[in-house]
Amino acid sequence: MSWADSSPGMQAGKTPVNGHDPEEESSQYPLPREKRKKVVVVGLGMVGIAFIEKLIKMDAKRREYDIVVVGEEPHLAYNRVGLTSFFQHRQVENLYLNQKDWYAGMPDGTLNYHLNTRVTEIHPTNRVVSTSTGATVPYDILVLATGSDALLPRHTPGHDAKGVFVYRTIEDLEKLIGYSETCRGATGAVVGGGLLGLEAAKAMMDLESFATVKLIERNRWVLSRQLDGDAGGMVVDLVRQLGLDVLLSKRVGKIEVDQDNAVKGVQFEDGERMDCKCLMFAIGIKARDELARRIDIKCADRGGGIVIGPDLMTSERDIYAIGECASWESQTFGLIAPGIEMAEVLAFNLTQAKVHTPRKFKRPDLSTKLKLLGVEVASFGDFFADRDGPQDMPGRKHATKKKTEATTAETKVKDITQGPPPPPVKALTYKDPFQSVYKKFLFTLDGKYLLGGMMIGDTRDYVKLVPIVKTQKALDVSPSEFILGVKKEGEDDGGDLSNDTQICSCHNVSKGDVANVIRDGSCKSLGEVKSCTKAGTGCGGCMPLVQSIFNAEMKAMGSEVLNHLCPHFAYSRADIFHIVYVRKLKSFTEVMKECGKEPNSLGCEVCKPTLGSILASLYNGHVMDKPLHGLQDTNDQFLANIQRNGTFSVIPRVAGGEITPEKLIIIGTVAKKYGLYCKITGGQRIDMFGAKKQDLIAIWTELVNGGMESGHAYAKSLRTVKSCVGTTWCRFGIGDSVGMAVRLEERYKSIRSPHKMKGGVSGCVRECAEAQNKDFGLIATEKGFNVFVGGNGGANPRHSELLAKDVPPDDVVPILDRYLMFYIRTADKLQRTARWLEQLPGGINYLREVVLEDKLGICAELEKQMNELVGTFFCEWTETIKDPERRKAFQQFGNTRETQEIIDKVEERGQSRPAYWPKGSVTEDFRGTKWSSLSWQPMIEADKFVDAPTGSSANVKRGDTQLAIFKIKGKWYSTQQMCPHKRTFAMSEGLIGDDVANNKLWVSCPYHKRNYALGGEDAGKCSNDAEVNLATFPVEAREDGWVYLKLPPVEELDERLGTSKWKVKAGEGSEPFKKLDEKLKGMKGRKPLQESHLDGGMGEVATARAITAGGDGGIDW
């Protein structure tokens, strides 16, 4: 088998090789495919992909190489440094360093990859490698980037028990996640207090499965390879405060197991023991050099690793090793930065050494700056020079005379009798236990050179100190200034950094690298800068500085970063809010004429929902009324969140999480009647999924009739105010958290805001309502409530900040009124309060001045505005039920009352859910379909469309096919209803956008915002995803009052676009828990979810039926 061409290629980077090379411009380049050499890379990790990227970039003109990479894992290259974030999103694609389309975009043959495949043997004589699939792959150059394995102490009894893990790969994390569910409430432990150990401990804590997480470290402090005792001790104190139990000077002697060989405890070498159900080892790594050893390539005896020279070649010609598998001068490196540097040196030498001096790999910089468990930690340069002696002394002149034998002998005698002399180093130390800040900087004896250092808590100067050490430049300031520093007002934009200052140590990116791609126009957004330079794609710690440099460079070029709402407006959301408020504008048309670039524009999918939100925040009109309806995203259009299968979720309000048994009965009855899937939400209410659009009116009629109202889960508005039980029930409570939460939710329900908002109220400092990660949160004190603001969970969680202390209950509402209205007035589009507060000039201190001290003199106005807004409350669902015109929107098709399912249902745990989406999009050429014939067919009455300035649309059914029809400014358009991206059927519900200047018109799919052209030569093309497209059809309205479509015969239309053909079917998507379910089968204590633990117990279904049937044991309330 030959699979060199079995995977898609990708497009080479456009960035040219640095320097001018006449040979590259000769007629022989780029080389034809048959003359290119083949580079085979073994290992698709962070170092392997870095080498590939750099080789492609440097070889862009010559095209001397084609690359094949063999990856052992089933995933594309992912960010191993960011593994901990996997616990938040559980999506490996979020960790990918390059998405799949990056690989697919290469010219044919440039890069081919194979996943889930292991290289089993190297045959250097034949220049081929064998793989676990039985394939052989020829190479001209072989690059080993096999990385390392996590060490497991196989000499320790119990090391192979169930519940013992390492922390290295996605698979390791998935195993931990699965196992943790079996030992909820138990103790988890991590062995090893290094960088990896602290990351692993955070991972265990993030799971929230374990009651306690313990860290076991054999030394007297953590991070002993980066920090001294004082610094490591401070880190211990800090992580203990964050909830991690740290055990020092402990060595695991034995792992105790139960009869099922599952972990139940640990015995230490000192005789002590502890209980635990899960144990993770993070005690180091071992270079994966087994491939090299099998063919007698030289490997290091001590510590392992494939021995390499300065050119990174092994003892076998044309075989190289890079990254953690390589041993350079008897050292292997467990950090990403040295591996990236190796990748760069090798890529340079393979492409540039013909006309440039070859580069050599030199002693790497082992400086690190990380945030571990919320603690900022950094070490740089020769940070142990005071302990081990300096590795290199800047400014020292090398001796020209050789030592005499007598001098050498004399020195040896002194070393034996008096001990070695102290290192020629002086340390300057600062320790602030109150602010948890520690700094130690090491200098030469004369104080003229900085050698290295370490920092805890305050690491802001790290990026400036590293180049000072690297360049060995004599200092022009006193060493004391490094401790005291010079305070600088405003944002640190990197203006005082030289262009060669390294700002991203993971990928060796300098300030100049970032600045240059902005200045030459290559990158116009922060995302493009990350993609082009790789800055910020490792640990992410450099992103604040990268953002600042980006902003400063754009401003210097006269292209200041603009926060205009969208191409239709030269104003920010806050600007538009102010204009609308002052000039009392009340419709989309008025706003567009007053401040839009094109007065008659339709707007787009970005500005329409924002303007709809602004108008709602000011006037709170019903979002389904005609002037506003066309501005809403699909969720607001139908007052319910659209789900994967085109159905909707139903969430009644449960203020403060308090609900009566009667309302539970009503909710249960409705869910049972309409076959809805039920789940308790994180905001303490009940979510019912699977409601068909045509059933929403009937469902909500029953709920509203039972005393319930809209929960506004579909809107960018207040969702919930979560509460613990406080003094209502809890013996520890000191404040009525339920009562306060209900009052706050009742006050702020339904108000529209720039983004969704959540609140929380805890009855004491135990914080069971998690009020400190909410947009606003209260924690009861003896004197009232502490008020916290600007927090959120989600993809980028942030703890809230204290706004006011000990606020009496009567004063809580005025403070929150001011805060929320100030946020609504000034935030950017779709900006959470957390990001708004971060970007607010002056931050929390400024907010206190505005809200508490009335610095701007607007507090009375803010309170008045909020009072007016909350005074306009109405239940949107109640008003919809009562209005015949609004009720008309709730049917699947505009031309028939028939219905169609668009995703199969799967029975699971006693409920139905939609089948999983298959991977990948439908890439067929729908717009290029050649129909046998077309004829005009009447489809729907024209009076079902309105002449709204935002457009009007309907979904119609023809045979088995669904079609979307749009009326925009008197013109008609039609497409298929299915978006090929995920095979969703909702194009008619998408927002319409236009670009008047360039005569472009598009519809945006409401699911994932694929934008499809509606008119002209490009009709049906997707502007932001070239893989997908739509079929379009001629359409016209006639005098008989009908809208006609020009369509092929029904059978032909259904064969191409029929719903039955394209609906997502059970089994098409992968089952994520198949392996896990096999492991969990037969576990002690587990039962089918609907059955009873009691012998002869009736179980869920039979018991519920007996209760609702009445009679003996039935309902008697």
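Because the model is predicted, local features need pLDDT of at least 70 and side-chain atom pairs count only at pLDDT 80 or more, while totals for chains, interfaces and linings use all residues.

Okay, helices. Helices here are DSSP runs of H or I with at least four residues, strands are E runs of at least two, and both are numbered from the N terminus. Take H25, residues 809-826, and H28, residues 859-870: their axes come within 8 Å and cross at roughly 90°. Axes are lines fitted to C-alpha atoms, for helices over the stretch in contact, with angles from 0 to 180 degrees between N-to-C directions. So the two helices, H25 and H28, are roughly perpendicular, a label that covers 65 to 115 degrees.

Who's touching whom? On the H25 side, the contact residues include Pro814, Leu820 and Phe822, and on the H28 side they include Leu862, Met866 and Leu869; contact means heavy atoms within 4.5 Å.

Next, H11, residues 462-471. Its buried residues are Tyr462, Val463, Leu465, Val466, Pro467 and Val469, buried being under 20% relative accessible area with a 1.4 Å probe, protein chains only.

Pairing takes at least two DSSP bridges between two strands. Five bridges join E44 to E45, and Ile992 has Val1003 in E45 as its bridge partner.

Note on methods
Residues numbered from 1 in each chain as written. Heavy atoms only, no water. Buried < 20%, exposed > 50% of the residue type's maximum accessible area, 1.4 Å probe, protein only. Parallel < 35°, antiparallel > 145°, perpendicular 65-115°, else oblique.
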